[in-house]
Amino acid sequence: MGEFANRNIWVFIETDEGKAKSVGLELLNPGRMLANKAGEELVAVVFGKENTAAIAQIQEYGADKIISVEGAEYEKYSFDAYTYAMTALVNQYAPSAILIGATNNGRDFGPRLSCRLRTGLTADCTGLDYDAESGNVAWTRPAFGGNLMACIMCPDTRPQIGTVRPGVFKKAPVPDKHADVISEKISVPADKIRVRLVESIREAAEGMVNLEDAEIIVSGGRGMGASENFKLIEELADALGGAVGASRAAVDAGWIGHAHQVGQTGKTVGPKLYIACGISGAIQHLAGMSGSECIVAINQDPEAPIFTMADYGIIGNVFEVLPALTEEIKTLKRG
């Protein structure tokens, strides 16, 4: 890449209880694209107390190499330990770019790492490409409150670092490919770990709402009118075996919890089927669900922006359409 000796695209694989989170596996997909365009290798990097299960998962998604760092200090996410270890790896291997999932931990880890390495970071990306002329990764992210998309490059420093939202890319299994595993022993001095995890509490809502992995999502917006009307959304989602989503307007109105929010300030999703009910289609919401394979919009306003994104549109009152649609789905299932 230009004047830099740095080579290879790295993807940080975040884990939970020893297993790889979906976002890291998703990022191996664009990572492969970037590595191919740059003529470099794709490397997955994983930290943990014991990485056997995560490595087995990573092997399915096309990495050329896997760098594994194991130790008791990596059992739970620690910005001190992870930053120390990743900085050591970067100094040793000199990657050209690092992709990190924009999870709660990734949004903490990425900026800290970029400051430690004195390089740039593009946060919350929704698109990636490789600019062959400059040799830079082209990071795309929403700007100005989601009202436009910015393409950002980091021409003067390496590695280039970016966080990418879960659900933006699809996992892409690569059969019959085996990655070489490189085990690195990096012990973090005790005085470098300044924060200790005392207790971890999983919120009930997080366990119940898994929008990023849902194949079917039924979302309600401002047009639902009130919290009690979300029962219509829930009934259709139940009939389809899907999850319940919402726009920011519905969440801000207190009709449903933030864990259900789809959009720029919520979750980015890419289900097989996304049904938008009473959602006008502000650009902030579209940024969170545009990767859906099939989008169905139900809205009584024929000029609603959501229809420009939808594969199928129903112009009508959600309070009439949703019950009829739910009953039809139930009838098909019975028959």
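Q: What classes of residue make up the lining of the second largest pocket?
A: By class, there are four nonpolar, 13 polar and two charged residues in that lining. Here Ala, Val, Leu, Ile, Met, Phe, Trp, Tyr, Cys and Pro are nonpolar, Asp, Glu, Lys and Arg are charged, and the others, Gly among them, are polar.

A quick note on the model: it is predicted, with local features needing pLDDT of at least 70 and side-chain atom pairs pLDDT 80 or more, while totals for chains, interfaces and linings use all residues. Numbering runs from 1 along each chain as its sequence is written, and side-chain values use heavy atoms, without hydrogens and water.

Q: Which residues are closest to the centre of the second largest pocket, and which helices supply at least two residues of its lining?
A: The pocket holds about 340 Å³ of space. Of its 19 lining residues, Ser-247, Arg-248, Ala-249, Ala-282 and His-285 are the closest to the centre. Helix H7 (248-252) and helix H8 (283-289) each give at least two residues to the lining.

Q: Why is Ser-96 called buried?
A: Buried means under 20% relative accessible area, exposed over 50%, and partly exposed in between (1.4 Å probe, protein chains only). Ser-96 has 0% relative accessibility, so it counts as buried. This serine sits in the loop between helix H3 (79-93) and strand S6 (97-101). Its C-alpha is 4.8 Å from that of Asn-6, 90 residues away in sequence.

Q: How do you know that helix H1 is close to its expected span?
A: The expected span is 1.5 Å times one less than the number of residues. H1 (residues 22-38) has 17 residues and reaches 25 Å from first C-alpha to last, close to the 24 Å expected. H1 is also mostly covered, with 13 of its 17 residues buried.

Q: Where does H1 bend?
A: At Asn-29, by about 30°, with Pro-30 following within four residues. The bend is the angle between axes fitted to the seven residues ending there and the seven starting there.

Q: What makes Glu-17 and Asp-124 worth a look?
A: Most residues other than glycine have a negative phi, and most peptide bonds are trans. Glu-17 has a positive phi near 55°, and Asp-124 has one of about 60°. Glu-17, at 63% relative accessibility, counts as exposed, whereas Asp-124, at 16%, is buried.

Q: Which peptide bond is cis, with omega near 0°?
A: The one from Arg-158 to Pro-159. Pro-159 lies in the loop between strand S10 (148-152) and strand S11 (160-164).

Methods
On a 1 Å grid over the protein atoms alone, a cavity is a set of points where a 1.4 Å probe fits but cannot get out, and a pocket is an open set with protein on both sides within 12 Å along at least five of seven lines; lining residues have an atom within 4 Å of a point. Grid points are joined across faces, edges and corners, and a volume is the space filled by probe spheres set on the points.
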